[in-house]
Amino acid sequence: MPVAITTPGYSYCHKLNHRLSASLSSLCTAKNPMVTTASSSSTGSNAGAYTTIKETVTCEKEIKKSKFIAIAGPISNEQSAHSFLNQVKDPRATHNCWAYKVGDQYRSNDDGEPSGTAGKPIHSAIVSSGLDRVMVVVIRYFGGIKLGTGGLVRAYGGVASECLRNAPTCLVKSKVPIGVEIPFDLLGVLYHQLQSFQAEDIKQDYDTGKDGITMVSFKVDFDRVEKLEETIKANCSRELVFYKH
C-alpha cells in the first residue's frame, strides 16, 4: 500500500495509512466420520465471478422402494453450510448425506452409507454442474431393498445432478474494496461516478486527511475497477491514488 497520496498542492504523512487501512478493513470484514478434502485457503471463488443457485430447490425420486429427496441451496462458507444442513435434514430419515463446495474447499458426508457411495457422488454432481458456493443434501428413506455400491452411487449422484439442473442460477461478481482521498469540492463528481458504476458500501471518513481532504471507501465489481479509476481521474482532473485492500 502506498505511504502517501500525491495530489498537486497537498502532501500527506504516514499516519494517514493507519486510518485508511482501518477504513478498508471495515469493508471486508454425523454417523460416519466426515470425509473432508480442502485446499489451504478458500480464495478460489473470491477472485472474479462464480455461478451459484438463486434459491433452495428440491428433487424427489423413488428407486427400488427407497425415497431419495435432494435439497440444494446457496451457501457462502462452512458455517452457512452447517446451518443449511440443520435446517433441511430429517432425523427420521435413514440417511442424510451431503456435500458442498465453496471455491477450492469442499466437504462431503456418507452418513452411514458405505464409504464413497453418497457424499462423493453428490460432490461430483456439484463439480459437474459448474456451480459454486452450493450445498446439496440428499435424504434417503430406506424402502427395504438394498441397492448395492453401484446403485447407491447412481442414486445419490443422479438425484443431486437432476436437482442442480433444475435450479435457477445467477452470476455473482466479486467486489473489490477501494479507498481514495479526495478534496471536498470534488465529492459531487466522485459520488456521481460511484453511482454510475453501481459501487456499494460507500463510506466517508471526515477524520482522514486534512486541508479540505476526505477519504471515501467503497466496493465495486472486480471487472469495473480499472475503468472506474480511469473515469474518476479524468473527471476530477487530479492525480489521485486508489488504495485496494
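Ser161 lies in helix H4 of this predicted model. With a relative accessible area of 23%, Ser161 is partly exposed. Ser161 and His123 are separated by 38 residues in sequence, and their C-alpha atoms lie 9.6 Å apart in space. Ser161 also belongs to the set of H4 residues that meet helix H3.

**Helix H4**

- The buried residues of H4 are Gly151, Leu152, Ala155, Tyr156, Gly157, Val159, Ala160, Cys163 and Leu164.

- In H3, the buried residues are Gly119, Pro121, Ile122, His123, Ala125 and Ile126.
- Among the elements that cover the buried residues of H3 are E5, strand E6 (105-109), E7 and H4.
- The axes of H3 and H4 come within 8 Å of each other and cross at roughly 35°.
- The crossing in which H3 passes H4 is right-handed.
- On the H3 side, the contact is made by Pro121, Ile122, Ala125, Ile126 and Ser129; on the H4 side, by Val153, Tyr156, Gly157, Ala160, Ser161 and Leu164.
- By class, the residues of this contact between H3 and H4 comprise eight nonpolar, three polar and no charged.
- Of the residues on the H3 side, Pro121, Ile122, Ala125 and Ile126 are also buried.
- Of the residues on the H4 side, Tyr156, Gly157, Ala160 and Leu164 are also buried.
- Gly130 follows H3 and has a positive phi, near 80°.

**Phe68 in strand E4**

- Phe68 is placed in strand E4 and is buried, with a relative accessible area of 0%.
- Apart from neighbours within four places in sequence, the contacts of Phe68 include Cys59, Glu60, Lys61 and Ile63.
- Further contacts of Phe68 include Val138, Ile139, Arg140 and Leu147.
- Phe68 is also in contact with Ala155, Tyr156 and Val159, which are buried residues of H4.
- Phe68 and Asn96 are 28 residues apart in sequence, and 9.8 Å apart in space from C-alpha to C-alpha.

**Asn96 in strand E5**

- Asn96 is located in strand E5 and is buried, with a relative accessible area of 11%.
- Not counting residues up to four places away in sequence, Asn96 touches Lys89, Asp90, Asp111, Val138 and Ile139.
- Val138 and Ile139 are contacts of Asn96, and they are also contacts of Phe68.
- Asn96 and Val137 are 41 residues apart along the chain, and their C-alpha atoms are separated by 6.6 Å.

- Most residues other than glycine have a negative phi.
- Lys64, however, has a positive phi, near 50°.
- Lys64 lies in the loop between E3 and E4 and is exposed, with a relative accessible area of 53%.
- Asp111 likewise has a positive phi, near 45°.
- The loop between E6 and H3 holds Asp111, which counts as buried at 8% relative accessibility.
- Asp111 is one of the residues that Asn96 touches.

**Helices H5 and H6**

- Helix H5 (residues 187-196) and helix H6 (residues 225-236) have axes that come within 10 Å and cross at roughly 150°.
- Angles over 145 degrees count as roughly antiparallel, and H5 and H6 are therefore roughly antiparallel to each other.
- H5 passes H6 in a crossing that is right-handed.
- Val189, Leu190, Gln193 and Leu194 form the H5 side of the contact, and they meet Leu228, Thr231, Ile232, Asn235 and Cys236 in H6.
- The contact of H5 with H6 contains six nonpolar, three polar and no charged residues.

Note on methods
Residues numbered from 1 in each chain as written. Predicted model: local features only at pLDDT ≥ 70, side-chain atom pairs only at ≥ 80, totals over all residues. Heavy atoms only, no water. Axes fitted to C-alpha atoms, helices over the stretch in contact; angles between N-to-C directions. Helix = DSSP H or I, 4+ residues; strand = E, 2+ residues; numbered from the N terminus. Parallel < 35°, antiparallel > 145°, perpendicular 65-115°, else oblique. Left-handed = near helix turned anticlockwise from the far one by under 90°. Contact = heavy atoms within 4.5 Å. Nonpolar A, V, L, I, M, F, W, Y, C, P; charged D, E, K, R; others polar. Buried < 20%, exposed > 50% of the residue type's maximum accessible area, 1.4 Å probe, protein only.
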